[in-house]
Every structure is written in structure tokens, then in C-alpha cells.
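Please read the points below beside the sequence and the model. They take up a pocket, a nonpolar core and the salt bridges in turn.

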Amino acid sequence: MRDISVSRIKETVEELCLKANFALRKDILKALESALKRETSSRARGILRTIIENARLAKANSLAI
């Protein structure tokens, strides 16, 4: 059995928590972009654009989505 240090587990959990708050998974972002292409409502398109832009800014600037 392999031993893993507590500090390594803490570092990994911290990294994953930050990543989950700063970046959407690629498949989720692609689904949003696909929905934007199909959407006909101007209000819904505006909301989707805002969500996509927010996700891009969050990733680029390490800000919470």
C-alpha cells in the first residue's frame, strides 16, 4: 500500500477547489457555446453570452465564477 502525506492531500484538495471555482470544464463551456448558437431568444442569448464571458474572465483573472 502506498503512503500519501497529509500535506499532499491538502494541497491537492486546495488546488481542485480553486480550479472548480475559477474554470468551467471544457465540455460545459462548449455546451454553453452550442446553446448560444441554437438559441433564438435575444434575452436568452444575452444571458448565455454573459455566462460565457464571465467564465472566460474568471479563468483569465483567477476570479470565482
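1. The lining of the largest pocket consists of four nonpolar, no polar and five charged residues. Here Ala, Val, Leu, Ile, Met, Phe, Trp, Tyr, Cys and Pro count as nonpolar, Asp, Glu, Lys and Arg as charged, and the others, Gly among them, as polar. The residues in question are Lys19, Ala23, Leu24, Arg25, Lys26, Leu29, Ala55, Arg56 and Lys59. A pocket is an open set of points on a 1 Å grid over the protein atoms alone, where a 1.4 Å probe fits, with protein on both sides within 12 Å along at least five of seven lines; lining residues have an atom within 4 Å of a point.

2. This is a predicted model, in which local features need pLDDT of at least 70 and side-chain atom pairs count only at pLDDT 80 or more, while totals for chains, interfaces and linings use all residues. Residues are numbered from 1 along each chain as its sequence is written, and side-chain values use heavy atoms, with hydrogens and water left out.

3. Which helix gives the most to the lining of the largest pocket? It is α3, with three residues. Both α2 (26-38) and α3 (42-61) supply at least two residues of this lining. Helices are DSSP runs (H or I, at least four residues), numbered from the N terminus.

4. The largest nonpolar core comprises Leu29, Leu32, Leu36, Leu48 and Ile52. Such a core is a set of buried Ala, Val, Leu, Ile, Met, Phe, Trp, Tyr and Cys residues joined through side-chain atoms within 4.5 Å; buried means under 20% relative accessible area, exposed over 50%, and partly exposed in between (1.4 Å probe, protein chains only). The largest share of this core, three residues, comes from α2.

5. The structure holds three salt bridges (a side-chain nitrogen of Lys or Arg within 4 Å of a carboxyl oxygen of Asp or Glu). In one of them, Arg56 pairs with Glu33, and their closest N and O atoms are 2.4 Å apart. Arg56 lies in helix α3 and Glu33 in helix α2, so the pair ties together parts that are 23 residues apart in sequence. Arg56 is partly exposed at 42% relative accessible area, and Glu33 is partly exposed at 24%.

6. Another salt bridge joins Arg8 and Glu11, with 3.6 Å between the closest N and O atoms. These two residues are three apart in helix α1 (residues 6-22), and about one helical turn therefore separates them.
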